[in-house]
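Please find my notes below, as numbered points. They follow the order in which I went through the two chains.

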Amino acid sequence: MRRLLALLLLLLLPSLAYAGANEDFEEGVRLYDRGDFTASAEKLQSVIDQGYASAPLYYNTACAYYKAGHLGEAIANFRRAEKMTPDDEDIRTNLAFVKQFCVDKVDASQTDSFLSQVGNLLATLHPNQYFLISFVACALLFAFLALKRTGVVAHFGNFPIFALAAITIISATAMIWVLRANYLVDEGVIVVEQTEILSGPGSEFELQFEGHEGLTFEVLDQKQDYYLGLFANRLKGWVKTSAVEKI
Amino acid sequence: MRKSIVLAVVMVYAIGSCSALFAETTVNAKVDRTEISEGESVQYTIEIKGDASSLPALDLGQLPDWQVYSSGTSSNYSWINGRTEQSKQYNFMLTPTRTGRLNIPAFRLTIGGKSYDTPQLSVVVNPVAMPQSPNVPPTRGRQRAQTSQQQQLSRDDLLLRCTVNRDTVYVNQQVTLSMKFYYRVRLLANPEPRIPQRTGFWAEDLGQWRTDQETLNGRDYNTAELRTALFPTAPGTQTIGSAEMNAVVDDGSFNDPFSFFNQGFPGYGGGRRLTLKSDPVKVVTLPLPEAGKPGDFGGAVGDYQMTASVDKTKIEVNEPVTMHIKISGVGNIKSIAIPKIPDLPDFRTYLAGDNEKIEKVNYEVGGTKTFDQAFIPKRAGSYMLPGLRFVYFDPKARAYKTVTSEQIQVEVTPSKDRYASQVQNVQTNRIDLTAKDIRYLKTSLGELRSRRSAPISASPWFLIVMYMLPVLGYVVVLTGQRHRERLLSDVGFRRLRQARKLADHRLAKAKSLLDAADADAFYSEVNRSVIDYFADRYNLPAFGLTADKIREYAVGKQSDVLVGELLDLLQQCDFGRFASGGSEKTQMARLWEGAKRLIVELEKTR
């Protein structure tokens, strides 16, 4: 009987935890509605700090941070939400809206390049969706090859083979591109109003330029209390970890 | 299969081509002049473009033939219209220690693990040329009149003196060095001067040799004078070394009646070679007073004025406006640094360039230095570019003085560029909540995941397994197709594959005959199942397959024991069919079991 009770408790634990997280989430939304954005951000952040993650949770937290005047944290959480559901129009719109308040127009300048535009286009789907497309195309490709071998579809010619192979390659490439951008590369965002980007990991190094809140970059390395960041157009510099939130 | 391999290769290539491009780093070195006169200096600059973020200070060390003075570094970072340029310059002042073609060796820099070499450069250092003989004032007639005296050269006939216009100066204040050659004898060749060592001074030539006549101690002399402006770089007592002059004079041995045509060829007529040496000169350099020194003093000494102007006053967001900061006056113009540009939160700033025009009026160095400072507005509005302060030390007044430029108003309109225009309503880094708002919150928490969970497609093993499934399916279909084709085309193979199945089928029929106690039919069916099985196994015609033929085919293919059992079983079948009195059911059942076991054993030997 005791074992049965323990098993039941074990099965119920996730739903109990979900109920708790959901309660905090709804409380955060209520605080937001009342205009207490700082408290809303704290409440929603507490759910994240418990180890939970979902696109709506990150999205709402980002909105609350933005309203509370924390541009850096807002961008960090919008990016986390975007990674989970890249095709969500609300997330993309709000992220673009918030980014316009960044002093450093790095991301805007990036979009001028062809590669960045391709990257933005590819980022509209989740890697799993790209995988599904490429897997189905790959399966159809080999099925078609098998049917052609058996003579069932001999009259179709080779066009379907090339078309399916192209879809497989393109969607697999897109999947790897998005995976690299969102999961295989560490990203950081400056969360203080202004910070120095130095030529080395220490205050004794030369000032390269100044980065402002909301500036995002690729984290390449960490030494002592500094991150080595790769900024737009391959510009590198060291930033204090205390001024950065990793995405 | 080959097509699959090709597809895989193409896929890997496509993925590889998606990796990000890397910016290039270039290293170059240059000198401001490739030909100088002895005593002059060249500015040697090493410029790094690209990733200069992790460079330590650069030290050239000791260079043969050169004295090296570092004159600082400068960096440029600019983000303009989405393009970033980064460069760093290391500047050195090199002073030659001898004449001739001098090399500046190549240097190897390691940046980001890669090595870069600067080019080797060469600079021609010319000896300081004296005026040509025809320009030397002593007239021929005068020399001829002195011919009788030339044979007894006096030590006062040739003199070399170095003097300075003031022996106590402030750091970076001009002191004019005069190197004057006095002579009252006939020179048979251009004298060869040797400029004194001027370590500790920044030198600026004040023109070519000037010739004149002068009376010294009651004697008339022809003179040649070279003046140099020196600017001491550090306080203390500095010593200007001895100057030297090699001259070939007519001591009477040169007695060519056609001497007029032989001037300049002393080797033909002899003459006497003399080396003159001046005394060293000491200069006391005073430090600049600390009292009253402004914090933004940049080391300029002299008397200066400053003006500032811009190339336009109406610009768009992200469009640069260039401020021309012009500093002119008397002093070491080359050492003047740009006035401090105040922090302007609404602008990005960078130094777009500088140039200098040196003037030497009455042996005083001066001129104009112009800095081009670019200001790039971040947002629209009306702004005042601040007035700049330039502080210098006036050695005559012995005080620091400050000159300022006027403020300049610029009007910044929103940019036509869509990114820049997005920020036109933002006055500071603070978020403007009166602007259009973000979209509303989500009302559902959605599916919760672990914070660190990556999508399933990020797992390489998952991808490998999933992408292998269609390939494996294709291989299975391909194999099955080949098997079917062989069954259709290869009779022996088909009979072999079906032998056991047919034998089992016949044995099952025999079993039903056994149950029905139909002995003749039973023995016949058992006999046929065994014979047919053997015939199918070895692709033989079943008709006419006798015991002898079976033995003949089975040699080397089946064990003798099994063959013996097979023949024995066939014999029992014949006996059962043709013997009178019938058979017992148990005996028939034993035969059936034997036939079944025998076929299983024969199957094992495949």
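1. Among the contacts in chain A that join residues at least 6 apart in sequence, 56% are between residues at least 24 apart. The model is a predicted one, and this value should be read with that in mind. Chain A has 247 residues, of which 43% count as buried. Its secondary structure consists of nine helices and eight strands.

2. One helix pair in chain A deserves a paragraph. Helix H2 (residues 37–49) and helix H3 (residues 55–68) of chain A have axes that come within 8 Å and cross at roughly 150°. An angle over 145 degrees counts as roughly antiparallel, and H2(A) and H3(A) are therefore roughly antiparallel to each other. The crossing of H2(A) and H3(A) is left-handed.

3. The residues at that crossing are as follows. H2(A) contributes A:Phe37, A:Thr38, A:Ser40, A:Ala41, A:Leu44, A:Gln45, A:Val47 and A:Ile48. On the H3(A) side, the contact involves A:Leu57, A:Asn60, A:Thr61, A:Ala64, A:Tyr65, A:Lys67 and A:Ala68. Sorted by class, the contact of H2(A) with H3(A) has nine nonpolar, five polar and one charged residues.

4. In chain B, strand S16 (residues 219–232) pairs with strand S12 (residues 175–183) in the antiparallel sense, over nine bridges. Within this pairing, B:Ser178 has B:Arg227 of S16(B) as its bridge partner. Strand S14 (residues 201–205) of chain B also runs antiparallel to S16(B), joined to S16(B) by five bridges. Here B:Ala203 stands opposite B:Leu230.

5. Strand S15 (residues 210–216) of chain B is a further antiparallel partner of S16(B), with seven bridges. B:Thr215 faces B:Asp220 across this pairing, standing opposite that residue in S16(B). S15(B) and S16(B) form a hairpin with two residues between the strands, where B:Asn217 takes a positive phi near 55°.

6. Is B:Ile240 buried or exposed? B:Ile240, in strand S17 (residues 236–240) of chain B, is buried because 25 other C-beta atoms lie within 10 Å, and 20 or more is the cut-off for that class. Leaving aside residues up to four places away in sequence, B:Ile240 touches B:Cys162, B:Leu177, B:Pro196, B:Arg198, B:Pro280, B:Val281 and B:Val283. B:Gln197 is 43 residues away from B:Ile240 along the chain, yet their C-alpha atoms are separated by 6.0 Å.

7. Chain B also has an open sheet of three strands, in the order S22-S29-S26, with mixed pairing. Its edge strands are S22 (314–316) and S26 (381–385), each of which pairs on one side only. From one strand to the next, the twist averages 35°. S26(B) pairs with strand S29 (residues 408–413) of chain B in the antiparallel sense, over five bridges.

8. The last point concerns B:Asp504, which lies in helix H8 (residues 491–515) of chain B. B:Asp504 is partly exposed, because 15 other C-beta atoms lie within 10 Å, a count between the limits of 12 or fewer for exposed and 20 or more for buried. B:Asp504 and B:Ser529 are 25 residues apart in sequence, and their C-alpha atoms are 7.8 Å apart in space.

Key. Residues numbered from 1 in each chain as written. Chains lettered and ligands numbered in written order. Predicted model: local features only at pLDDT ≥ 70, side-chain atom pairs only at ≥ 80, totals over all residues. Helix = DSSP H or I, 4+ residues; strand = E, 2+ residues; numbered from the N terminus. Contact = placed C-beta atoms within 7 Å. Pairing = 2+ DSSP bridges. Axes fitted to C-alpha atoms, helices over the stretch in contact; angles between N-to-C directions. Parallel < 35°, antiparallel > 145°, perpendicular 65-115°, else oblique. Left-handed = near helix turned anticlockwise from the far one by under 90°. Nonpolar A, V, L, I, M, F, W, Y, C, P; charged D, E, K, R; others polar.
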